[in-house]
Amino acid sequence: ENGCELFITAKGVVRPCFWISERSEEKNFFDKDDNWNLHKTPLEEIVDVHLKKFVEDVKRDPFNGLKVCFYECTEKHKD
C-alpha cells in the first residue's frame with residue numbers, strides 16, 4: 001500500500017508486489033501502461049500517484065480489481 005513491497009521487473013516495470021508475476025495475465029495491466037514504467041515515469045510519481053490510486057480503487061471495490069489483489073490482500077488488510 002505504501003510502496004514498501006514493490007516488485008520491479010528487469011525491464012523497469014513497477015508492480016505493487018511479487019504476486020503479480022511474469023506468469024500472471026494480470027501483469028499486462030502494468031506492463032502496457034507507461035505510468036508504471038521507470039523509463040517513462042519517476043518512481044516517486046509511481047508510488048505517490050499511481051500506486052496510491054491503484055490501492056484506493058482496490059479498497060473501494062475489491063471485486064472489480066485484479067483477482068490476485070482480491071485473493072492475496074483484501075482479507076489480510078481489511079480496515
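F54 is buried, with a relative accessible area of 10%, where buried means under 20% relative accessible area, exposed over 50% and partly exposed in between, using a 1.4 Å probe and protein chains only. The model is predicted, so that local features need pLDDT of at least 70 and side-chain atom pairs count only at pLDDT 80 or more, while totals for chains, interfaces and linings use all residues. Residues are numbered from 1 along each chain as its sequence is written, and side-chain values use heavy atoms, with hydrogens and water left out.

**Aromatic pairs**

- Six aromatic pairs are found in a search of the whole structure, a pair being rings of Phe, Tyr and Trp (its six-membered ring) whose centres lie within 6.5 Å, with planes under 30 degrees apart counted as stacked, over 60 as edge-to-face and the rest as tilted.
- F30 and W36 form an edge-to-face pair, at 4.8 Å centre to centre and with 90° between the planes; F30 counts as buried at 0% relative accessibility, and W36 counts as buried at 3%.
- The rings of W36 and F54 have their centres 6.0 Å apart and their planes at 85°, so this pair is also edge-to-face.
- Because W36 lies in the loop between α1 and α2 whereas F54 lies in helix α2, the pair ties together parts that are 18 residues apart in sequence.
- One aromatic cluster is formed by F29, F30, W36 and F54.

**The position of L38**

- L38 is placed in the loop between α1 (28-31) and α2 (43-60), and with a relative accessible area of 32% L38 is partly exposed.
- Leaving aside residues up to four places away in sequence, L38 touches I8, G12, V14, L43 and I46, contact meaning heavy atoms within 4.5 Å.
- V14, one of these residues, is 24 residues from L38 in sequence and 7.1 Å from L38 in space, C-alpha to C-alpha.

Note on methods:
Helices (H or I, at least four residues) and strands (E, at least two) are DSSP runs, numbered from the N terminus.
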